[in-house]
Every structure is written in structure tokens, then in C-alpha cells.
Amino acid sequence: MENTVIKQKKEPSLLDALIPLVVLVALLSTSVYLFSDDSSFGPNQIALLFSMGVAAVIGLKNGYTWAEIEKGIVKGISLSLGAILILLAVGALIGTWMLSGTVPTLIYFGLELLNPSFFYAATCLICAIVAMSIGSSWTTAATVGVALMGVASGMGMSDAVTAGAVISGAYFGDKISPLSETTNLAPAVAGTELFEHIRYMLWTTVPSFVIALILFTIIGFSGEAQNTASNIEQMQTLLAQEFNISWVMLVPLAVLLTLAIKKMPAFPAVAIGALLGGVWAVIFQPDVIQSMLDDSQQSVLGVAAVVWTSLFDGVSFTTSDENLNALLSRGGMSSMLNTIWLIICAMSFGAVLERTGLLKAVVALFLRGAKSAGSMISRTILTCLGTNIITADQYISIVMPGRMYKEEYAKRGLHQLNLSRSLEDGGTITSPLIPWNTCGAYMQGVLLVHPFDYIMYTFFNLINPVLAIIYAYLGVKILRIPMPDVAVEVGNEKIPMNEPTQTKI
């Protein structure tokens, strides 16, 4: 009987595939309209779960069993468990680094060194250098990015523009770093060599980044910091009064960056950084810890309780400055629970679409009528963006379109470097622009700025896909495969391939 049921499964129609997407778009739009910035704190999760239910009903109609759909959901959620563990570790790290004075020290020196006129461009460049060194946009945003958000607050700069600069720089560095997971994943899926892939990406990535730096510089010169020099000095004074400010406080950051450069996996590296922050707090910030204890708690156990609390529930400060309190009172694993909730709901929705074949039906629509290199590359980038929106995961947005289009590129005489670059141009860097995507949810949880607020200022992330599509239609840096001469296997088929040549299509 079970074999009969399997044979009776129907291929989903295009209408089947579009219904859950239309429902999701309608519900998310309503959520944003009704709840505004609070839409990611529950309403969007309900929208995703309801849309998942619609997709599941369509899957049942087409012959899938609930057990099969549920298995797909479990598998989809399991793909995000690594990101969830990193999120929890990052929450703990922010809590202990606030308590240890690591982040306050970064803010203090940042206020001293950065000029408001060049602040946004400098923020973007600093994050790019750090991300390129360690290969992680997430770690960059959670460490240097958090500190730069604090510097922006002290200078009276825009939180939204600063978040856009942090994300632009972090994703530029991540995209061209050989240490990055996505930079290794894209060529692996497309069948290209890592460093050839990176060199080929530079043609779209570097010009996009330069344009972004110019725009951030223009905004910096055209805007005026709300706070005067005396206000900045006042915040520095308050920080020096509350914390022991010293370059020694930056040792936890140096250790974390070293571990990342040494290619230690993100979760243990961040966890070690969080624990080291707790040790640093006990050694160098005893007055801060004592101020958080009642008279009855003045003991070794009381000190341990404060550090322990910073790991799971963050820290709360009560200085004479409310802005400083809001800036420093944060962190803890609990601060990431809403983001984790959003990720689980989003991954569940994407998993049902994939398991029931609805996602494949939507993507197949993009291939219709694609004849030129420009149309193939533009559709690849749009497919990656669409997959990011639907499945809420940047890894899936690289792997799934890569698998689907690999053979198509070979058949059309397009070198696989075109595919690997397009996967990154459309998949990697669009992920933080979507609130329910794992990357968008993460950036909101760390930087405390909603993606809908910073999206217009993530200049690099917006320009790069557009520039890649323009390149494709103009035939700039498009590699063709001369036919025949050499044959390589793609799937079960032998496709002629030779050294790539750059031609205008």
C-alpha cells in the first residue's frame, strides 16, 4: 500500500507553488502594517507558520503524507541548529564583554579616534578588514560592529546608516575571504577552484564596495553629528568612571580574532571568547560587579552569580546617563531567543516547500525563456534572492540554485565561474536584507536595528547584485567555454570544456 501511495504523488502545479508564497507575502505585509518594528517579535513568526500550514495542505493534496512533511520540517530545522548555537554563544559573549569592559573600551577609543565626517566610511572599511581576516560577517558584526554602533550613539550618528555600513563592510570582507564558509561553498557547488572564484568575484565585488565607500563618505559630510565635542567627552568620562578602560580589555577580542583566523569553528571560538570575557570581568572590573550586588551578596558566590547572569540574561547598568544605560544594558542568551524563534519558523516554512516540490516548481519558472548569458546570470541571481526569501537561509540559497543551474550553464557554453560568482552575488549578500532570513534576524538581534530600517543603507549589498546583472547583459567579464576539445562530466553527461575565454555575448 505504501508503494502505491508513493506512486500516486502528483507533481505540484505552478498555482500550487504560488499559493503559499502569495499567502506569505500578504501576511508579512499585513504584519509590518499592523505591528511596524515589532513585527519580528511574534507576528512574522505566525505568518510563516500559517503559510507553512498552507503549503503542507497542498502537499497532502498532492499525495504526500504528514509523516513525510514532518520529516522534512525536522530536517530543515536541523540545518539551522549550527546557526542557533552560534546565536546563543554570541548572546553570552555580548553579555560578558559588556561586563568585562571590552565593548566599553572599544567605544571609548572609537569616540576618540573616529571623525564624524568619515565615520560611516571608516566603519564600513574597518568591518571589511576584520571580516576579510577572519572570514565571518557574523563574528564581525557581533564584536566590532556592536562597538561601532556604540560609537555612533556617542557621536549622535544614525543607527540605521551605521548598521548599513557595518553590514556592507562585513559582507564584503566575508565574500572575498578564503576563510569564509560561503566563499568555499559556492565554488564547491558550482565546480570551480576557490582562488579562481575569488579572483573572478573581484570584478563585481570591488567596484560595488568602492561605490559604497563613496556613498558613505558623502553621507558623512552631508550630515551633522547631533552631539558636540563636549557631549562625546561627557560619554567618555562616564565610561571611564564606570569601567577600567585600558588596551588590556581588548585581549578577549584579540583572542577571538586569532581563533577565527586559525579556522576554529565559530561556536567554540565565540564560546571561548564569552568565557574569557567573564574571567576578564572578575579580574579587571571588580567595582562594576560589586555595584550589581546587594550587601547580602558580597561574596565569591555573589560575584559568580553576576558573571553567570551575564551569560544567560545579559547585564543591566544604572548610570546617570540613560543613553549609556540603553547602550550597555544588553546581551545574554535570552536576548537571542526571539531571533531563534524566527529562524525555526522560517526554516520550517522553507523545508515544507522543498519537501513537497513546491520550491522546485517556482524555480523552474525562472528558466523559461532564458537564452542569453545575461538572462541566465540575472535569473540565477534572482533565484538566489528568491530562495533567500522563501527558505530563509543563505546556504540553501547557494546550494539549491547551484545544483539546479550547474548543468544548464555547461549546456549553454557558460563557464562554471559565472555560476559560482552569481551564487555569491545573489545568495550570500542579499541574506541580511530579509528580516526572517537567518542572517537578517541575526543582524537585528546583534545590532538592534530592524532590516527594514537599515536596508536602504546597505549600499554594498544592494549595488553588487545590480552591477552583476548589468555586467551580464553588457557581456563584461563573462567567461565562455570553447567547444569542443576537452570533455568533462556533468552529472551523467559529458560536456565539452576547455580553458575559459572572456567574450562579449
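**Note on pockets, contacts and a surface patch**

1. The lining of the second largest pocket draws at least two residues from each of helix H5 (81–100), helix H8 (137–155), helix H10 (181–190), helix H13 (251–261), helix H14 (266–284), H21 and helix H23 (438–447), where helices are DSSP runs of H or I with at least four residues, numbered from the N terminus. The model is a predicted one, in which local features need pLDDT of at least 70 and side-chain atom pairs count only at pLDDT 80 or more, while totals for chains, interfaces and linings use all residues. Residues are numbered from 1 along each chain as its sequence is written, and side-chain values use heavy atoms, with hydrogens and water left out.

2. The second largest pocket holds about 570 Å³ of space, and of its 27 lining residues Ile86, Ser136, Glu181, Ala266 and Tyr395 are the closest to its centre. A pocket here is an open set of points on a 1 Å grid over the protein atoms alone, where a 1.4 Å probe fits and protein lies on both sides within 12 Å along at least five of seven lines; lining residues have an atom within 4 Å of a point. By class, this lining has 15 nonpolar, 8 polar and 4 charged residues.

3. The largest pocket has a volume of about 680 Å³, and Lys75, Glu354, Arg355, Met400 and Arg403 are the closest to its centre among 27 lining residues. Helix H4 (66–79), helix H18 (337–355), helix H19 (358–367) and helix H21 (394–411) each supply at least two residues of the lining, with the largest share, 6 residues, coming from H21. The lining of the largest pocket has 12 nonpolar, 6 polar and 9 charged residues.

4. Among the 3 salt bridges in the structure, one joins the side chains of Glu68 and Lys9 at 3.0 Å, N to O, the criterion being a side-chain nitrogen of Lys or Arg within 4 Å of a carboxyl oxygen of Asp or Glu. Because Glu68 lies in helix H4 and Lys9 in the loop between helix H1 (2–7) and helix H2 (14–35), the pair ties together parts that are 59 residues apart in sequence.

5. A nonpolar surface patch of about 520 Å² is made by Leu202, Val206, Val210, Ile211, Ile214, Leu215 and Ile218, of which Ile218 is found in helix H11 (residues 194–222). Such a patch takes residues with over 30% relative accessible area and no salt bridge, nonpolar side chains being joined within 5 Å, and accessible areas come from the Shrake-Rupley method with a 1.4 Å probe.

Technical notes:
Patch = residues over 30% accessible without salt bridge, like charges linked within 9 Å, V, L, I, M, F, W, Y side chains within 5 Å. Points joined across faces, edges and corners; volume = space filled by probe spheres on them. Nonpolar A, V, L, I, M, F, W, Y, C, P; charged D, E, K, R; others polar.
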